[in-house]
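The sequence and the model come first, and the description follows.

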Amino acid sequence: MAHSKALLVLENFIGGKFVPCSSYIDSYNPSTGDVYCRVPDSGREEVGAAVKAAKAAFPIWSSKSPLERSQILNKLADLIEHDLEAFAQAESMDQGKTITFARTVDIPRAVYNFRFFASSILHHTTECTEMATVGCMHYTSRAPVGVAGLISPWNLPLYLLTWKIAPAIACGNTVVAKPSEMTSVTAWMMCKLLEKAGVPHGVVNVVFGTGAKAGEALVCHPNVPLISFTGSTLTAQRIMEKSAPHCKRLSLELGGKNPAIVFDDADLTQCIPTTLRSSFANQGEICLCTSRIFVQRGIYSEFLKRFVAEAKKWKVGNPSDPTVDVGALISKEHLEKVRSYVKKAQAEGARVLCGEGVDSLALPTGNQKGYFMLPTVIAEVKDESCCMQEEIFGPVTCVVAFDTEEEVIERANSVKYGFGATVWSSNVGRVHRVAQRLQSGLVWTNCWLVRDLNLPFGGMKASGIGREGAKDSYEFFTEVKTITIKH
Ligand code: NAD
C-alpha cells in the first residue's frame, strides 16, 4: 500500500537512541478509519538489541540509591505533565477515546504513576527477627531482578505502560517495554523525554510491534527473568506456556466480566450515573467495566427505565469534541466482534433496550468510516448466554433481576473471571458480607474505580495472577533474600 509523506513514522527506542526498523505495520485512526501512522514491526533481532542494552545498563542503574532514582522519576512526571495536552491529543487520536477522557484520566494517571512510585520506593522496609536462644539474627534484603519485560494493551495505553515502567525502574530494574501495536504513539513520545529527565541510556527501551513477533520474542528471551503483562486471558495462557521453560516470574493482569449488584435499598441517584460510567466509560473498553448488572426485583423496572433513559443521553461522535461521551472503538474487527454479541443476544430472545440495532447513530461527515457504536443495554439475558459469560469489552451491558442476597452472590460468581465487582446498598452489614463472598480481586461498594495505588490491584480466577500496587509491585520487581547471622 502506498503511503503519503504525512504519515507519522515511529522508531524503536534502544539504548537511548531512536532506531528505524526494516519493516512497519499500519496503524489506524479509529475515529476516521484512515491509516495515519506506521509502527515498527519488530522481531527477535530488535528485541535482542533492546535486551542487550537493558542488560548493559543494569549494573549502574541498580546501584543508584532509591533517592537518585526517585528524583529522575519525578522529573519524568513533570515533563509528561508539561506536555499533557499534546499527549492527550495523541492518545485520543491513536486509541479513539474522547479527548476529555485522555485529558482527565489517561495522561494525569501516567504522570501520577511516576510520582507515586518515586515516592513509594523511599518508604519500604525489610524484616528482621532474632532467635536469642541460638544467638542468631535473621533479616531480609531486596534487590532488583534484572531486565523486566513489560507488555501492555491498547485500551489505556500510556496509563498502563507507565503503571509497569514506573515501579520496575524505581526498584532498580532496567526494562524492555512493548506497547500494543495498535496504540504505540504516546509510548514513543515518552521516549523523547527520557534523556531530559535523566534516565540513563538503556534503562528504558521500547520495542514496537505485534504480540506474535515482538511480544513473543520478549517472553522467550533468556535474559528477561520477569514479565509483567496486561492483556487478554488467552494471550496470558500463551505467555505462561512460552515462558515456562525459563521458569520466569509473571504478573498477569487480565480480562473481566464484572458484576454490579444493586440492592433495593441502593441510592439510585448515585448508583445510576456511576453504573452508566462503569458500563460505558472509554467505550466500555476498560478491564474493570461493568457488563452484568444484577438489580433486585423490587426496583428492577424503575432502575431499567431510568438507566436506559440516561444511556440514551450519552453522546457518541468525534473524540476530539469535548462534549462527546463515547469515542470510537479500537478497530473495525473489534467493533464487529462487539456488535456480534448484541446480535447473539437478540437471537437468544434477549431484549435490546437501546443502542445497537435499535437507535440510529448520526456521525459527523469526517467520522463516517470510524468505528463507532451507541451505548447498548440488553435485558432478559440468560446467565449462561455468551453475553453474560464472555468479556465483550465494548459499550454493551446486560441488566437482569435477582431476588435474594444468597442467589445474587452465586450468580455473580458463576463466570470464569474474577476482577472487579460493585455492590450498591445502604446496609453496611450487607455490603461487608457480600464483598467477602464475591470472587473478585477488587470490590467497590457505592462507588466505582476509586483507587489508592498503595493497595493491591489485580484479579482472581481467569482475571489474573499476582497483584500490583506499592508493596506488591515492590515485591514483584525485586528478589528477596533471607540472611542469617550468628553472633
Ligand atoms: P491482548 O492480549 O491481545 O494484547 C495485549 C498485549 O500483548 C499487546 O501488546 C499484544 O501485542 C501483546 N501480545 C499479544 N500476543 C502476544 C504473545 N503471544 N506474546 C506476547 N505478547 C503478546 O489484549 P488487548 O486486546 O490488547 O487488550 C484487551 C484485553 O486486556 C482485555 O481482555 C482486557 O480486559 C485486558 N485488560 C486487562 C487489564 C487489567 O488490569 N487486568 C487492563 C486493561 C486491559
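The sections below take up the annotation, the pockets, the cavities and the strand pairing in turn.

## Model and annotation

The structure is a predicted model. The unreviewed UniProt entry carries the annotation "domain: Aldehyde dehydrogenase" over residues 23-483. In the model this span is 41% helix and 21% strand, and its end C-alpha atoms are 50 Å apart.

The unreviewed UniProt entry also places the feature "active site" at E253. This residue belongs to strand 12, which covers residues 249-253. E253 has a relative accessible area of 3%; buried means under 20%, so E253 counts as buried.

## The largest pocket

The largest pocket holds about 1000 Å³ of space. Its lining consists of 42 residues, and those nearest the centre are W154, F229, G231, S232 and T235. By class, the lining has 16 nonpolar, 15 polar and 11 charged residues.

Several secondary structure elements take part in the lining of the largest pocket. Helix 7 (211-220), strand 11 (226-230), helix 8 (233-243) and helix 11 (332-347) each contribute at least two residues. Helix 8 has the largest share, with seven residues.

The volume of the second largest pocket is about 280 Å³. It is lined by 16 residues. F101, V105, R277, A281 and N282 lie nearest the centre of this pocket. Nine residues of the lining are nonpolar, five are polar and two are charged.

Helix 4 (residues 99-120) gives the most to this lining, namely four residues. The second largest pocket also lies between domain 1 (8-254 + 463-486) and domain 2 (258-445), because both give residues to its lining.

## Cavities

Rolling a probe the size of a water molecule over the atoms shows where empty space is left. How many cavities of 30 Å³ or more does the structure hold? There are five cavities of that volume or above. The largest cavity has a volume of about 130 Å³. It is lined by 13 residues, and R109, L156, Y159, L288 and F457 are the closest to its centre. The lining comprises 11 nonpolar residues, no polar ones and two charged ones.

Helix 4 and helix 5 (157-170) each supply at least two residues of the lining of the largest cavity. Helix 4 also gives four residues to the lining of the second largest pocket. Domain 1 (8-254 + 463-486) and domain 2 (258-445) each provide at least three residues of the lining of the largest cavity.

The second largest cavity has a volume of about 100 Å³. Of its 14 lining residues, G284, C289, S291, I392 and F393 lie nearest the centre. The lining of the second largest cavity divides into six nonpolar, six polar and two charged residues.

## Strand pairing

Strands of a sheet pair through backbone hydrogen bonds, either parallel or antiparallel. In which sense do strand 11 and strand 12 pair? They pair in the parallel sense, over five bridges, and L226 stands opposite R249 in strand 12. Strand 11 supplies at least two residues of the lining of the largest pocket, while strand 12 contains E253, where UniProt places the feature "active site".

Elsewhere, three strands form an open sheet in the order 1-5-4, with mixed pairing. Strand 1 (8-9) and strand 4 (24-29) are the edge strands, each pairing on one side only. Strand 4 and strand 5 (residues 34-40) are joined by six bridges in the antiparallel sense. Y24 stands opposite P40 in strand 5.

Conventions:
Residues numbered from 1 in each chain as written. Predicted model: local features only at pLDDT ≥ 70, side-chain atom pairs only at ≥ 80, totals over all residues. Heavy atoms only, no water. 1 Å grid on protein atoms, 1.4 Å probe; cavity = no way out; pocket = protein on both sides within 12 Å on 5 of 7 lines; lining within 4 Å. Points joined across faces, edges and corners; volume = space filled by probe spheres on them. Nonpolar A, V, L, I, M, F, W, Y, C, P; charged D, E, K, R; others polar. Domains from an automatic or database assignment. Pairing = 2+ DSSP bridges. UniProt positions renumbered as here; feature names shortened; annotations may be inferred. Buried < 20%, exposed > 50% of the residue type's maximum accessible area, 1.4 Å probe, protein only.
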